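Me: I would like to go through this model with you, one question at a time, with the cut-offs stated as we go.

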Amino acid sequence: MMELMPNSGVYVYPRDIRTVSRKTNGTTIARHLMSVFYTTKELIERGNVNGVNGKVGLDKAVVKAIVGKKFL
């Protein structure tokens, strides 16, 4: 496995890095990476990053690693 962003503690498989390197924009990169860490059901249940309205929210370390990663 490879660390998504240095010193983030968030790891992905090399195939995921290869897949996102072929994506054409940041939105599609982020969507793919979110699907690596969460199922659709989990994304719906967690709601958003902050976990408002009684939702748990997304793991901030994962979100930070995804948003901070630049592939091009």
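Reply: Rings of Phe, Tyr and Trp (its six-membered ring) count as a pair if their centres lie within 6.5 Å, with planes under 30 degrees apart called stacked, over 60 edge-to-face and the rest tilted. This is a predicted model, in which local features need pLDDT of at least 70 and side-chain atom pairs count only at pLDDT 80 or more, while totals for chains, interfaces and linings use all residues. Residues are numbered from 1 along each chain as its sequence is written, and side-chain values use heavy atoms, with hydrogens and water left out.

Me: How many aromatic pairs does the structure hold?
Reply: A pair of aromatic rings is described by the distance of the centres and the angle of the planes. By the ring criterion given above, the number of aromatic pairs in the structure is zero.

Me: Over the ring of which residue does the charged end of R15 sit?
Reply: A charge is taken to sit over a ring if NZ of Lys or CZ of Arg is within 6 Å of the ring centre and within 35 degrees of the ring normal. The charged end of R15 lies 4.6 Å from the centre of the ring in question, which belongs to Y13.

Me: Is Y38 buried or exposed?
Reply: Y38 is placed in the loop between α2 (26-37) and α3 (40-46), where helices (H or I, at least four residues) and strands (E, at least two) are DSSP runs numbered from the N terminus. Buried means under 20% relative accessible area, exposed over 50% and partly exposed in between, with a 1.4 Å probe and protein chains only. Because its relative accessibility is 7%, Y38 counts as buried.

Me: Which residue caps the N-terminal end of α4?
Reply: The cap is made by a side-chain oxygen that lies 2.8 Å from the backbone nitrogen of A61. The residue that supplies this oxygen is D59.

Me: What arc do the buried residues of α4 cover around the axis?
Reply: In α4 (residues 60-68), the buried residues are V62, V63, A65 and I66. They lie on the same side of α4 because the arc, taken from the directions from the helix axis to the C-beta atoms, is only 165°.

Me: Which helices do the buried residues of α2 pack against?
Reply: The buried residues of α2 are I29, H32, L33 and M34, and H32 has a relative accessible area of 19%. Leaving aside neighbours within four places in sequence, H32 is in contact with D16, T19, V20 and K23. The buried residues of α2 pack against α1 (14-21), α3 and α4.

Me: In which loop is N53 found?
Reply: N53 has a positive phi of about 60° although it is not a glycine, and at 75% relative accessibility N53 counts as exposed. Its loop is the one between α3 and α4.

Methods
Contact means heavy atoms within 4.5 Å. A polar contact is a pair of N or O atoms within 3.5 Å; within protein, one must be able to donate a hydrogen and the other to accept it, and residues adjacent in sequence count only if both atoms are side-chain atoms.
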